[in-house]
Amino acid sequence: MIDLQRNFEMEKKDITILGIESSCDETAAAVVRNGREVLSNIISSQIEIHTVYGGVVPEIASRKHLEKIDDVVRMALEEAHCTYEDLDAIAVTYGPGLVGALLVGVAEAKALAFSLNKPLVGVHHIEGHVSANYIENKDLEPPFACLIVSGGHTHLVVVEDYGKFEIAGRSRDDAAGEAFDKVARAVGLGYPGGPKVDKASKGGNPAAIQFPRGIVADNPYDFSFSGIKSAVLNYINKARMTGEEINIPDLCASFQEAVADSLVSRAINLCRERGFRKLAIAGGVASNSRIRARMQEACDEHHITFYRPSPILCTDNAAMIGCAGYYEFLRGRRDGYELNACPNLKLGER
Ligand code: KG4
Ligand code: ZN
């Protein structure tokens with residue numbers, strides 16, 4: 001790994017990568033130098049459009065990506081004061097995600113790579129989320145433990161090396177973000193659920209309602225959120241039937257606490273049992289204020305250094321793809337023009 005970097009540095013000092021991300025509802029492009037220096041990070045969010053429907057509509061997402069992608073790439077280059085010629089490679093998310101949405105980014109990246117005659121590097125979206133931690137923590141290097149919590153994934157992993165993961169635990173049912181989104185909908189907060197529950201919980205009592213913590217019998221690092229979610233839905237239905245008023249801040253704070261307990265306990269146990277002194281967090285749910293605070297407290301108590309990207313780098317963005325793309329590029333990954341969108345790409349799969 002380091003040797004690869006040295007070899008490259010002898011030929012050319014800086015490596016500049018254009019990252020492209022379009023796996024869900026953000027059209028994003030970024031220019032990243034040497035993996036950790038973000039020269040630009042442009043995100044065009046579709047949230048307002050999908051809010052009307054209460055969730056992401058895949059066909060609309062693809063169409064909007066198509067409308068925006070050229071402008072977003074142009075803006076990323078402009079803001080970075082770069083020309084196409086300055087780029088060393090084009091990195092793009094090719095999975096997992098919505099197939100039609102992914103295809104727009106992949107087609108854009110292939111067209112750029114072909115016309116500019118530059119290397120094309122396919123990036124795993126979740127590897128991108130993990131890599132967001134490298135951007136603001138220049139000294140962070142594997143190995144470390146990482147909790148990935150997004151709208152589609154909940155994984156507790158050991159980052160053994162750049163792009164190399166051992167999956168210690170995962171959700172058996174809903175992803176953490178999915179549980180946030182479903183609870184928000186049930187309470188009437190709407191889409192996007194996570195940030196709304198986070199905001200609504202402020203001033204609420206996290207101990208007001210006892211929701212289950214989702215213990216999984218045969219793997220201490222696996223998660224389950226469907227039980228917590230069902231308990232919240234039952235609570236709401238029961239209150240409605242009996243005409244009881246629901247205290248939304250208390251309900252949101254109590255739900256969030258159950259999720260936080262479940263995430264914090266497993267992540268800390270993994271660090272303690274495997275001797276990791278570094279714990280990182282990644283994905284959209286990692287921007288949750290209560291989860292960040294609880295994880296920080298627990299890490300301080302157990303003398304573990306806690307790494308968490310700024311909220312803007314937790315949710316979908318292309319800077320993380322440029323960063324992950326850089327390490328994949330150094331490892332020698334090069335994709336051909338047959339690169340396709342892989343909606344169900346597993347972590348560690350190529
Ligand atoms: O990583 P991400 O932007 O997209 C995926 O790859 O899925 O994550 C989106 C998820 C959504 O479920 C959203 O509700 C959740 O992250 N999220 C949050 C917060 N901000 C976003 N969940 C809890 N608290 C937040 N502040
Ligand atoms: Zn994501």
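One cavity of 30 Å³ or more is counted in this predicted model. A cavity is a set of points on a 1 Å grid over the protein atoms alone where a 1.4 Å probe fits but cannot get out. Local features need pLDDT of at least 70, side-chain atom pairs count only at pLDDT 80 or more, and totals for chains, interfaces and linings use all residues. Residues are numbered from 1 along each chain as its sequence is written, ligands are numbered from 1 in the order in which they are written, and side-chain values use heavy atoms, without hydrogens and water.

**Cavity**
- The largest cavity has a volume of about 50 Å³, taken as the space filled by probe spheres set on the points, which are joined across faces, edges and corners.
- Its lining residues (an atom within 4 Å of a point) include Glu 127, Tyr 134, Asp 161 and Tyr 327.
- Helix 5 (125–136) and strand 7 (154–161) each give two or more residues to this lining; helices (H or I, at least four residues) and strands (E, at least two) are DSSP runs, numbered from the N terminus.
- Helix 5 supplies the largest share, four residues.

- His 129 lies in helix 5 and Asp 316 in the loop between helix 11 (311–314) and helix 12 (319–330), so the pair ties together parts 187 residues apart in sequence.

- His 129 is buried at 1% relative accessibility, where buried means under 20% relative accessible area, exposed over 50% and partly exposed in between (1.4 Å probe, protein chains only).
- Asp 316 is also buried, at 14%.

Conventions: On a 1 Å grid over the protein atoms alone, a cavity is a set of points where a 1.4 Å probe fits but cannot get out, and a pocket is an open set with protein on both sides within 12 Å along at least five of seven lines; lining residues have an atom within 4 Å of a point.
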